[in-house]
Amino acid sequence: MIMTMKDQELPFTGDILIENDRITQMGAKISEQADEVIQADGMVAMPGLVNAHQHSPMSLLRGFCDDLKLMDWLEQKMIPAEDRMTPEDIYWGAKLSMAEMIKSGTTAFADMYIHMNEIAHAVEEVGMRASLTRGLIFLGDDGGKRLAEAIDLIDQWHGKADGRITTMFGPHAPYTCSPEPLQEIIQLAVNRGLPIHIHLAETKEEEVKIRTRYNQTPTQYLYNNGLFEQAHVLLAHSVHLNRMDIGLLRGMRGGVSHNPVSNLKLGCGIAPIHELQKAGVTCGLGTDGAGSATTLDMFEEIKAATWLQKLDYGDPTILPARSALQMATRNSAHLLQLDHEVGTLAVGMKADLILIDMNKPHLQPIHQVESLLAYSVNGADVDTTIVNGQILMKNRQLLTINEEEVLEQAKVRAKRIVDGI
Ligand SMILES: CSC[C@H]1O[C@@H](n2cnc3c(O)ncnc32)[C@H](O)[C@@H]1O
Ligand SMILES: [Zn+2]
């Protein structure tokens, strides 16, 4: 496949050659014969966006109970709704999210949820790239069945779907994992050389809970249980960190998934992204589930991330456009341990990329393309989405998902799940 982009003042104007699953040439004019040519004049190619923290089936719970405090929302609404979800609900909820993600330029995501086998099947069919995690909550039992499911997911799916699916271990959060199961999971991850995906320091309430139970901050709690010593860790949120906490994260493998829209909507606070970056901690971007973020459009996260840091520090030079774009691409890919293959548009990388249609009033004129990508583009401006060399959307038409069927399934299932809660 060749994509041609011409006649535009852009950092890259020319052709991109994709052979099988990789970018094999980028140049002014590629003379190779191709079985398919995408005419992309007037478009910008960029690496596909990587959503570093998601709960994909929660799209079925979008808008069901907004404007609540996180713990009330989670304990009184989300968990009861999740108890009513069947494996088929999970499958269709994940597909609904994937339709939205592909349509807004996301090519890979990190997902933590239940019934992960169903999500893996959906990912395999749809063609996206995903790092899948069985979320593990330990409240009043030993969680043995759930841990067995986590191991099953890893055994069955790690490296599958042409390598598009990878897996992690997922202790849910400091407040849902006491030291014993937490340490057991860390050991399992270390033994298998797998990363760990966990929520951290999302709210003030969490801080108080962990202080009351262990007389530590949530970050200290994870650190003292040995989390950062040996494993690559994907930390979701990390809003409430003090200077000492940031010091503990210095040198960690992995990094932080910043989820600014979810944090804004749940009133959690502003994560200290600038400080974390100064300490050398990799910061990527994610949406969190659509139940809290309400949209899975990563371009919204890019805007929120940069504007929140500028506001917080009273300094518009902080987190410039290029850095915010990097958070959503290469940095997020690093959190998923995929940055050697995705997150950058370069020869030899996997062909995970998107085309943005710039022929629109809100995207003209093009002085600085990075500024437009960070501050002006919306998910709906994505014309084409390619993962692993396969076109998943062209001319805004989904090619691997029957959109009408997904919308119908989602409508019926969402109603049944929430009725009576
Ligand atoms: C056991 S699977 C994952 C679990 O996480 C819940 N969840 C969704 N969003 C958040 C959030 O912002 N903070 C903490 N937990 C969250 C989800 O409902 C599942 O139960
Ligand atoms: Zn989350």
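Analyst: Labels first: helices are DSSP runs of H or I with at least four residues, strands are runs of E with at least two, and both are numbered from the N terminus. This is a predicted model, where local features need pLDDT of at least 70, side-chain atom pairs count only at pLDDT 80 or more, and totals for chains, interfaces and linings use all residues. Residues are numbered from 1 along each chain as its sequence is written, while chains are lettered from A and ligands numbered from 1 in the order in which they are written.

User: Let me try those labels, then. Where is the place of His172?

Analyst: His172 sits in the loop between strand S9 (165-171) and helix H5 (179-192).

User: And how do I read burial: is His172 buried or exposed?

Analyst: Count the other C-beta atoms, placed from the backbone, within 10 Å of the residue's own: 20 or more is buried, 12 or fewer exposed, and in between partly exposed. His172 has 21 such neighbours, so it counts as buried. For contrast, take His367, in the loop between strand S14 (353-357) and helix H15 (369-375). His367 has 8 C-beta neighbours inside 10 Å and therefore counts as exposed.

User: Next, contacts. Which residues does His172 touch?

Analyst: A contact means that two C-beta atoms, placed from the backbone, lie within 7 Å. Setting aside residues up to four places away in sequence, His172 touches Gly135, Leu136, Ile137, Cys177, Ile198 and His199. Follow that to His199, in strand S10 (residues 196-200). His199 is buried too, because 26 other C-beta atoms lie within 10 Å. Beyond its sequence neighbours within four places, His199 contacts His172, Ala173, Ala236 and His237.

User: What about annotations? Which residues does the UniProt "binding site" cover?

Analyst: UniProt positions use the numbering here, feature names are shortened, and annotations may be inferred rather than shown by experiment. One "binding site" annotation, from an unreviewed UniProt entry, covers His53, His55, His199 and Asp288. They span 236 residues in sequence, yet no two of their C-alpha atoms are more than 11.8 Å apart, so they gather at one spot. His53, for one, belongs to strand S6 (residues 49-54), and its contacts include Ala236 and Asp288. With 28 other C-beta atoms within 10 Å, His53 is buried.

User: How many residues are around ligand 1, and which come nearest?

Analyst: A residue is near a molecule if its C-beta atom, placed from the backbone, lies within 6 Å of it. Ligand 1 has 18 residues around it, with His55, Met78, Tyr113, Gly135 and His199 coming nearest. Helix H1 (70-83) and strand S7 (106-113) are the elements that give two or more residues to this shell. H1 gives the most, four residues.

User: Last one: how does the domain assignment divide the chain?

Analyst: Domain bounds come from an automatic or database domain assignment. Here, domain 1 is 2-47 + 349-398 and domain 2 is 49-335. Their centres, taken over C-alpha atoms, are 29 Å apart. In the contact region, 19 residues of domain 1 meet 22 residues of domain 2. On the domain 1 side, H15, strand S15 (382-387) and strand S16 (390-394) each give two or more residues. H15 has the largest share of that side, five residues.
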